[in-house]
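Thanks for making the time this morning.

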Amino acid sequence: MATLCQLIDMGASKIGYVLAQGLGIDVDAHKLPVPDNLVQRGAELISPFEPYIEETPTIKGWFLNQVPNRTGIISYFISLFPFAKWIRRYNLRWLLADAAAGCTLGLVMVPQGLSYALLANLSPEYGLYTTFAGASLYWIFGTSKEVAVGATAVVSLLVGKTTTNVIDQHPGFTREEIAATHAFLSGCIFLVLGLFRLGWAVEFIPHVATSAFVTAAAITIALGQVPNLLGINGVSTRGPSYQVFIDTCKGLGQIKMDAAIGLTALALLTFIKRFCEYGIRQPYHTQGEDKEEIQGDSPAGSTSSRRKNRNKTWATINSLRFLFVVSLYILISFLVNRDVPFNEAKFRILGQIPAGFRHAKLPTLHLDLINALLPELPAAAMIIIIEHIAIAKSFGRKHGYTIVTSQELISIAASNIAGPFIGAYASTASFGGSAVLSKAGARTPLAGVFNALLLLVTLYALQSVLYWIPMASLAALIIHAVSNLIEPPSHVFRMWLISPSDAVIYFVGVLVSIFSSLENGIYATIALSAGLLLIRLARSQGRFLGRARIHQYPRYRKHSYVARRSSSLSAFSAQKEANMPSRIVFFPLDRKDASNPSIRVDSPRPGVFIYRFPDGFNYVNQAQHIDLLLAHIRRETRPTEAVHYEKPSDRPWNEPATSDTSDTEATKPTLRALILDFSTVSGTDTGAIEGLVELREQLQRWAKPNPVQWHFANVEDRWVRRALMVAGFGYPNKEELKETKSWSPVFTLAERERTPKAGNSLMMEPSTYPAGATASIEDAERGDAGVNGTLRGTGRIAATHGINYPNFHVDLAAAVEAVVGLTTTDEY
């Protein structure tokens, strides 16, 4: 079989070679500038240590690495169902903890689901359908034990605006049909992203865009619920938030009895929350218990355990405040309105809710409806993904585990694809519900199933109770819930300290959302963030570097000794004489970094330049870097051959005139070498490489007839190295080797692994290039290496990188040392 594959590869190679010849392509043209004896000379110079030949990556190899094997395919399908990893270890203790946490969550999600459905402009039961779909399916596909998927305020608001916009264009569709189809299409998007493991794409959405959107959405939701809270009729919530606020202020004279219910419910919710938070903050144990615990007389963990249980009790009470307030006002509503018809109630109440899943049906996949929903999907999909992933990651970090982003997309795809069949609309992770599961001590994702069971009981057995819920109390619940979503001023100030530009974008997003629409707000913040990122990428200034010798101080010294010696003027000299460790580092020559500006930084050598790319090297920023390099080098050096013109008119128009009597120009060095630091470059393109080629040609004309040495440091990516190799970088050209009488490259060496791995070691005759079996770096420095030479492959020391590309260096120190006539061991 292997022989057959090799024959196929050989046949394909021959066919490709013939096609290239037919098209006039010389497939080996990039290899022509490589000196013929480069590897031979490198192997001689690195002897007695083992050389290494670097092989360039190939497209074929890349494709072969992408093809999954049988084990990979099986692992992929198993990863689609994470519950299979823990369900076999499920036990009674986990069951009891999950049941308690799930039931607690259900008591919270029932009132929230009813109220959030109103934001979506749907009947309250649709909120319960949505929460049920997420609770019953997430445990199969999810990777977090705290995440609770269901109806949320922000997504419900988006669904409400979407249904309104589509109905304006297509009045033939109902809100329920639009909401179900909207969820189904969103779920299909999530499914594609999840199956292709594209969860990393979520990182393209900036955090500041999410913060601005959530804050603006909370303000929009709260302002939209104020009319329901106060019982004001005739206020349209379809317009921008500022308009809703103005219309509400105009209608304050129409306040009804609903205001008494809404305002007192809001005040009660706030009071319970603050009281529980105050209880959590209070110290638990007494001074005597503190003393016992410090002395070790108290049982291990007794005080901390009681404190933990106390805080858990307060947190549970705080989580159940929604249920308590809604239950209280259900009782009040029943006592006040039990003897009057629904239309004559003292304040608006919820009314009759159908039992079970009366609205279950297939989603409406009409082409006109799909086309009308397509413009609405991007904003909704982004918000659903951001909200879900942010919540899942937050609780994962808190409890010490990592979520799988792509798998989380599949989990919300399941609830959004299957949910519409029972009447659900778009859903995502609920922060409040997830916090309840976290505080209630859920042990596995199966806790959501108990939440779903409680929702079933509500749908089939509690319709008569839900009938009496005051609408104003649901408005109070919504306003109270979304108030926690507004970014606190302290967080905004911290954002300003970290990144002032992000703070500006945040306020722009909030203002655009309030005065225009939420969709325009999120688009504006993403566009501004992307534009700022591109500007940083394209206009970040590179730095020319110089070298400085730094010393580690103090090292193995007692603090008293350091303090005693620090007052002496000769302290530094004394430490240097005591072999204080030192090394060479590189700082920007313009001294505009964070280092001490008084530190001495020297140029590597006259005519030698070190340049560090700040943020990658690609077609976007290559022109800026090339222009900066060319201008700086021409300013700091002089041409090797002075050009004299008999007449002023012979001088090219673009060459500035210089004074023949200028002494400054004559003292400038000639160009010798350029070292490029690629430590920030993880990928490149043809535009960037062509820019380097053009720069090489211009600098060679400037320095002719002497060759300009090109050295590269920290080029780690194999494809970047390949791109540079094809363009003729990474090795000295034939002219350089001819001009340089004693070419002596600097190779970096390291100890080999005890068990050699299959690699690209140079195959050579052992009698010609012996490698020291017992030689070390110290032996080589003393000149003792290779005395007891043995066969190649048994030595302790080998080259870290390929000797066939000696101008690629492991770091800047090695690159500077490799420049002809330059060493890094000079004393200052």
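Let me start with two helices, and with the way they cross: helix 5 and helix 14 form a left-handed crossing. This is a predicted model, and in it helix 5, residues 92–119, packs against helix 14, residues 321–337, at an angle of about 60 degrees, with the two axes 8 Å apart. An angle of 65 to 115 degrees would count as roughly perpendicular, and helix 5 and helix 14 are therefore oblique to each other.

Which residues in helix 5 and helix 14 meet? From helix 5 they are Leu107, Val108, Pro111 and Gln112, and from helix 14 they are Phe322, Leu323 and Val326. Sorted by class, that contact is made up of six nonpolar residues and one polar residue, with no charged residues.

Now to the aromatic rings, of which a search of the whole structure finds 32 pairs. In one of them, phenylalanine 132 and phenylalanine 357 have ring centres 5.2 Å apart and planes at 50 degrees, so the pair is tilted. Because phenylalanine 132 sits in helix 6, residues 125–141, while phenylalanine 357 sits in the loop between helix 14 and helix 15, the pair ties together parts that are 225 residues apart in sequence.

Finally, a word on confidence. The protein chain has a mean pLDDT of 85, and 84% of its residues reach 70 or more. Over residues 758–774, however, the pLDDT is below 50, although this stretch has 44 contacts in the model beyond near neighbours in sequence. Residues 822–828 are also below 50, with 24 such contacts. Where pLDDT is low, the predicted coordinates should not be read in detail.

Conventions. Residues numbered from 1 in each chain as written. Predicted model: local features only at pLDDT ≥ 70, side-chain atom pairs only at ≥ 80, totals over all residues. Heavy atoms only, no water. Axes fitted to C-alpha atoms, helices over the stretch in contact; angles between N-to-C directions. Helix = DSSP H or I, 4+ residues; strand = E, 2+ residues; numbered from the N terminus. Parallel < 35°, antiparallel > 145°, perpendicular 65-115°, else oblique. Left-handed = near helix turned anticlockwise from the far one by under 90°. Contact = heavy atoms within 4.5 Å. Nonpolar A, V, L, I, M, F, W, Y, C, P; charged D, E, K, R; others polar. pLDDT = per-residue confidence, 0-100. Phe/Tyr/Trp six-rings, centres within 6.5 Å; stacked < 30°, edge-to-face > 60°.
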